[in-house]
Amino acid sequence: MDPEIAALAGTAGTTVVTLMVTNAWESARDGMVALWRRFQPARAESVGEELEAGREELLLARRAGDDEAEAGLTAEWQGRVRRLLLARPDVADELRALLDDLAPSMPEEPDAHHVHLQARASGSARIYQAGRDQHITER
């Protein structure tokens with residue numbers, strides 16, 4: 001399988017499941033249903049129903065403290081998107097556009113750190129920057 005398709009499907013599945021419990025849920029659901037409606041119209045209605053059922057499942061699992069449910073649901077949606085991409089490779093551009101539209105709605109990781117790096121060099125100066133660990137060996 002094309003690694004780009006696998007990565008795109010992985011991102012899409014993760015994004016949709018992550019947004020199931022946010023205020024951006026309706027936008028994510030509507031975007032995915034519209035995608036299916038355009039490329040596999042016979043499946044669009046059932047995809048919408050499956051997304052809603054997945055959301056309910058995830059909300060119940062979170063209330064019950066079931067952390068594994070989210071991972072299973074994410075894998076399920078990654079597989080569905082991967083199958084759509086394999087059947088209709090022309091979906092990729094529209095899926096990327098949808099993910100770009102949804103990206104600002106993604107919640108930040110609780111332990112995510114923002115790093116702003118800026119440097120200027122002149123002459124034969126060297127600049128080494130890293131957002132985390134950096135190991136440099138020069139001889």
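Mentor: Two residues are in contact when heavy atoms lie within 4.5 Å. On that basis, residues 24 or more positions apart supply 66% of the contacts in the protein with a separation of 6 or more.

Trainee: What should be kept in mind about the origin of the values?

Mentor: This is a predicted model, in which local features need pLDDT of at least 70 and side-chain atom pairs count only at pLDDT 80 or more, while totals for chains, interfaces and linings use all residues. Residues are numbered from 1 along each chain as its sequence is written, and side-chain values use heavy atoms, with hydrogens and water left out.

Trainee: How many helices and strands does the secondary structure of the protein contain?

Mentor: There are 5 helices and 0 strands, where a helix is a DSSP run of H or I with at least four residues, a strand is a run of E with at least two, and numbering starts from the N terminus. From the N terminus on, the order of elements is α-α-α-α-α.

Trainee: Why is the protein called more spread out than a compact globule?

Mentor: The radius of gyration, taken over C-alpha atoms, is set against the globule rule, 2.2 Å times the number of residues to the power 0.38. For 139 residues the rule gives 14 Å, and the protein has 20 Å, well over that value, so it is more spread out than a compact globule. Along the principal axes, the C-alpha atoms fill a box of roughly 65 × 40 × 25 Å.

Trainee: How do you know that the span of α2 agrees with its 15 residues?

Mentor: The expected span of a helix is 1.5 Å times one less than its number of residues. For α2 this comes to 21 Å, and its end C-alpha atoms are 21 Å apart, so the two agree. Helix α3 (residues 41-64) has 24 residues and reaches 35 Å, close to the expected 34 Å. Helix α4 has 20 residues and reaches 29 Å, close to the expected 28 Å.

Trainee: What comes after α3, and what is its phi?

Mentor: α3 is followed by G65, whose phi is positive, near 75 degrees.

Trainee: What makes a residue buried, partly exposed or exposed?

Mentor: Buried means under 20% relative accessible area, exposed means over 50%, and partly exposed lies in between, with a 1.4 Å probe and protein chains only. Of the 139 residues of the protein, 32% count as buried.

Trainee: Which residues of α3 are buried, and what do they pack against?

Mentor: In α3 the buried residues are A44, V47, G48, L51, G54, L58 and A61. These buried residues pack against α1 (3-19), α2 (25-39) and α4 (68-87). An α-helix has 3.6 residues a turn, so residues three or four places apart point the same way.

Trainee: What covers the buried residues of α2 and of α4?

Mentor: For α2, whose buried residues include W25, R29, M32, W36 and F39, the cover includes α1, α3, α4 and α5 (92-102). For α4, where L73, W77, R80 and L84 are among the buried residues, the cover includes α1, α2, α3 and α5.

Trainee: Why does E50 count as partly exposed?

Mentor: E50, in helix α3, has 25% relative accessibility, so it counts as partly exposed. Apart from neighbours within four places in sequence, E50 is in contact with R43, W77 and R80.

Trainee: How do you know whether D100 is buried or exposed?

Mentor: D100 lies in helix α5. Its relative accessibility is 57%, so D100 counts as exposed. The C-alpha atoms of D100 and R88 are 12 residues apart along the chain and separated by 20 Å.

Trainee: Why does A103 count as partly exposed?

Mentor: A103, in the segment after α5, has 44% relative accessibility, so it counts as partly exposed. A103 and T15 are 88 residues apart in sequence and 8.1 Å apart in space, C-alpha to C-alpha.

Trainee: What makes L117 partly exposed?

Mentor: L117 also lies in the segment after α5. At 42% relative accessibility, L117 counts as partly exposed. The C-alpha atoms of L117 and A130, 13 residues apart along the chain, are separated by 8.0 Å.
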